[in-house]
Amino acid sequence: MTSSPPALTRIRIGSAPDSWGVWFPDDPRQTPWERFLDEVADAGYEWIELGPYGYLPTDPARLAEETAKRGLRVSAGTVFTGLHHGPAVWEDTWEHVSRIAALTRAMGAAHLVVIPSFWRDDKTGEVLEDRTLTPAQWRELTTQTERLGREVLDRYGLRIVVHPHADTHIDTPSNVARFLDATDPGLVSLCLDTGHYAYCGGDSVQAVETFGERIGYLHLKQVDPRILAEVVAEELPFGPAVGRGVMCEPPSGVPALEPVLAAAQRLDVDLFAIVEQDMYPCPPDRPLPIARRTRAYLRSCGAR
């Protein structure tokens, strides 16, 4: 008889619209938001992210009513930024961020996930800019991200957690380390996405142990190593890679999530760990069975 793993008392598990194939505020191929809320609650999750702004209702009273009646709470909002472009993009960035931050705060959440802009289009693969930043662009990225962290904290009481992501400039372990080394821990934390970090060649357990004081949030996902090898060999953009199934259902891929969660528990801080299995686009009946199995698997890892 095998013993159960220790309970992960500092880890709060949730899911997100992404796990239902939702990438955009409005897309006919996506699950309607009411169905997402019904199914994420049915699968056994208590926490959700807002997903793309405008997918869920943006009126705080309406959203509070819809989540509360399903026993759901919001852990974070998400924003996309191109801060390496410097002060020229600040005004447009802040207009976008402030709307999402206001809704996030109104829903009682404390985190804002910040995803850098893509250097190539995630649908078409069109190269939008150089995949490598210049030293000047790195300085803009770090100083403007600190500015964002300060403004979001001062005005909305939220902590930003920057999400390394495939096809962005914060991707590989070396770029993540460079970014963290150049930013203030008091203003900028890390959202470690286990799938994206593996996609970009990283070891998530090592990341938790190396960047422990900077880890503010987790996204849980896995990659299929066989498909990832094809993606790398073909230099496939992220969107088509997802369509090919590079992000797979746990526990069939890498990294193994139990050691990552155990390492996160050892940090002895409260952390959200939000399941995100990229599946855009996907058939409407596919997400719920996967979500139920994934929730059961995470319980087997100690995530009650």
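**Close-up views of a predicted model**

View 1. Beyond its neighbours within four places in sequence, leucine 56 is in contact with Trp33, Phe36, Leu37, Ile48, Glu49, Leu50 and Leu63, where contact means heavy atoms within 4.5 Å. This is a predicted model, in which local features need pLDDT of at least 70 and side-chain atom pairs count only at pLDDT 80 or more, while totals for chains, interfaces and linings use all residues. Residues are numbered from 1 along each chain as its sequence is written, and side-chain values use heavy atoms, with hydrogens and water left out. Leu56, Leu112 and Leu298 touch the most other members of the largest nonpolar core, which has 67 residues. Helix H3 (residues 90-106) supplies the largest share of this core, six residues. Another core of 17 residues lies apart from it, with Ala166, Phe238, Ala241 and Val242 among its members. A nonpolar core here is a set of buried Ala, Val, Leu, Ile, Met, Phe, Trp, Tyr and Cys residues joined through side-chain atoms within 4.5 Å. Buried means under 20% relative accessible area, exposed over 50%, and partly exposed in between (1.4 Å probe, protein chains only). Helices (H or I, at least four residues) and strands (E, at least two) are DSSP runs, numbered from the N terminus.

**View 2. Serine 15 in strand E1.** Look for serine 15 in strand E1 (residues 11-15). Serine 15 counts as buried because its relative accessibility is 1%. Its side chain makes a polar contact of 3.4 Å with the side chain of serine 19; such a contact is a pair of N or O atoms within 3.5 Å, where, within protein, one must be able to donate a hydrogen and the other to accept it, and residues adjacent in sequence count only if both atoms are side-chain atoms. A polar side-chain atom of serine 15 also lies 3.5 Å from the backbone oxygen of valine 275. Not counting residues up to four places away in sequence, serine 15 touches Trp20, Val40, Tyr45, Trp47, Ile48, Glu49, Ile274 and Val275.

View 3. Six of the six residues of strand E6 (residues 188-193) are buried, so E6 is largely enclosed by the rest of the structure. In a regular strand the side chains alternate between the two faces of the sheet. Here, Val188, Leu190 and Leu192 point one way, Ser189, Cys191 and Asp193 point the other way, and all are buried. Strand E5 (residues 159-162) runs parallel to E6 and is joined to it by three bridges, with valine 161 opposite serine 189. Strand E7 (residues 215-220) is also parallel to E6, through four bridges, and tyrosine 217 in E7 stands opposite cysteine 191. Two strands pair if DSSP finds at least two bridges between them.

**View 4. Histidine 111 in strand E4.** Histidine 111 sits in strand E4 (residues 111-116) and is buried, with a relative accessible area of 14%.

**View 5. Proline 281 in a loop.** Proline 281 lies in the loop between strand E10 (271-275) and helix H11 (287-300). Proline 281 is partly exposed, with a relative accessible area of 39%. Between proline 281 and glycine 86 there are 33 Å in space, C-alpha to C-alpha, and the two are 195 residues apart in sequence.
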